[in-house]
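I opened the model to look up a few positions, the ligand site and the domain layout. My notes follow in the order I took them.

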Amino acid sequence: MRHLMNPLDFTTKELEKLFDLANDIERNPAKYAHACEGKKLATCFYEPSTRTRLSFESAMLSLGGQVLGFADASNSSAAKGESVSDTIRIISCYADICAMRHPKEGAPMVAASKSSIPVINAGDGGHQHPTQTLTDLLTIRSLKGRLNSFTIGLCGDLKFGRTVHSLINALVRYENIRFIFISPEELKVPDYIIEMLKEKGISYEEVIRLEDCMPQLDLLYMTRVQKERFFNEEDYVRLKDFYILNKAKMEPAKKDMLVLHPLPRVNEISVEVDDDPRAAYFKQVQYGVYVRMALILTLLEIQV
Ligand code: CP
């Protein structure tokens, strides 16, 4: 039995297979419409979510399976003090596979160690968000045709943004990737990631102004300032609108640059950018469903 805790749990070869399956699902949805008949997915979300929870549920329903779960831990027995370890033992009796989001880093890993069904980390604190990374990689591969040889700018909250940490971890396995980290001093990418890049000899640069690097980018990954992870409101208010991508800032960018964002956005991308053909963040949401369908099939070892 396999779980997914970290994007690195899959080799690059396994990821290629997963993305091929996701693209086949995109082209032939009817072929997969009954693949999970009789199977149940539990979504256990101890933190708010729109995309991840609903895309998992949409994925399972599109595969002919059923869904159950909770979207708010205050309505579950966690509010009475039940541990994650006990909860997953219970969920294992009700469902065939579980997607779990938790504010505590490592909580889905604890659940996986006690589970008799596959557990998927649907985001743990500021740590990892592997299925967002699978979504990001599938989007890039589908729209750019490759996962190597590009310069990617990651912009915004690089300190608390788990999607950023997961994506960097995953991209270092591909050739000729150059990172440009664009953030205010207070929201820089954590030291452990910089150390890892240095050890692997991977090219990176840290800048404060988005304008300084825009023409170099093949991909721009915008992120929200993570209000929920700040210790005080004052710092959040000071930093929240540090970057606002608008039409004028898109002007010097390459004509085929892609703008990605895990969403939700707050102010960091102006709605006037949504109509730019380079804006790929809503397409990214659709790829999130295909890749979660492929992941459910893979972890349940169902072949179509
Ligand atoms: N991208 C993402 O994780 O969105 P949600 O928080 O809405 O699930």
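Predicted model: local features only at pLDDT ≥ 70, side-chain atom pairs only at ≥ 80, totals over all residues.

**Entry: His165**

I looked up His165 and found it in helix α6, which spans residues 162–171. Is His165 buried or exposed? Buried means under 20% relative accessible area. His165 has 2% relative accessibility, so I logged it as buried. Next I checked its side chain for polar partners. A polar atom there lies 2.9 Å from the backbone oxygen of Leu158. I then listed its contacts, skipping residues up to four places away in sequence. His165 touches Gly126, His127, Leu158, Lys159, Phe160, Pro190, Tyr192 and Ile193.

**Entry: Ile152**

I moved on to Ile152, in strand β5 (residues 150–155). Its relative accessible area is 0%, so Ile152 is buried. With neighbours within four places in sequence left aside, Ile152 is in contact with Leu167, Leu171, Ile177, Arg178, Phe179, Ile180, Leu217, Leu219 and Tyr221. I also checked a pair of C-alpha atoms.

**Entry: domains**

I noted the division of the protein chain: domain 1 is 7–128 + 285–299, and domain 2 is 131–284. Taken over C-alpha atoms, their centres are separated by 25 Å. The contact takes 34 residues from domain 1 and 28 residues from domain 2.

**Entry: ligand site**

Which residues are around the ligand? I found Ser49, Thr50, Arg51, Thr52, Arg101, His129, Gln132, Pro262 and Leu263. By class, I logged two nonpolar, five polar and two charged residues in this shell. Domain 1 and domain 2 each supply at least three residues to the shell.

- An oxygen atom of the ligand lies 2.8 Å from a backbone N or O atom of Thr50.
- The side chain of Gln132 has an N or O atom 3.0 Å from a nitrogen atom of the ligand.
- A polar backbone atom of Leu263 is 2.9 Å from a nitrogen atom of the ligand.

How much of the ligand does the protein bury? Taken alone, the ligand exposes 260 Å², and the protein buries 91% of that.

Notes:
Residues numbered from 1 in each chain as written. Heavy atoms only, no water. Helix = DSSP H or I, 4+ residues; strand = E, 2+ residues; numbered from the N terminus. Buried < 20%, exposed > 50% of the residue type's maximum accessible area, 1.4 Å probe, protein only. Polar contact = N/O pair within 3.5 Å; in protein donor to acceptor, adjacent residues only side chain to side chain. Contact = heavy atoms within 4.5 Å. Near = heavy atom within 4 Å. Areas by Shrake-Rupley, 256 points an atom, 1.4 Å probe, with all protein chains shown as cover. Nonpolar A, V, L, I, M, F, W, Y, C, P; charged D, E, K, R; others polar. Domains from an automatic or database assignment.
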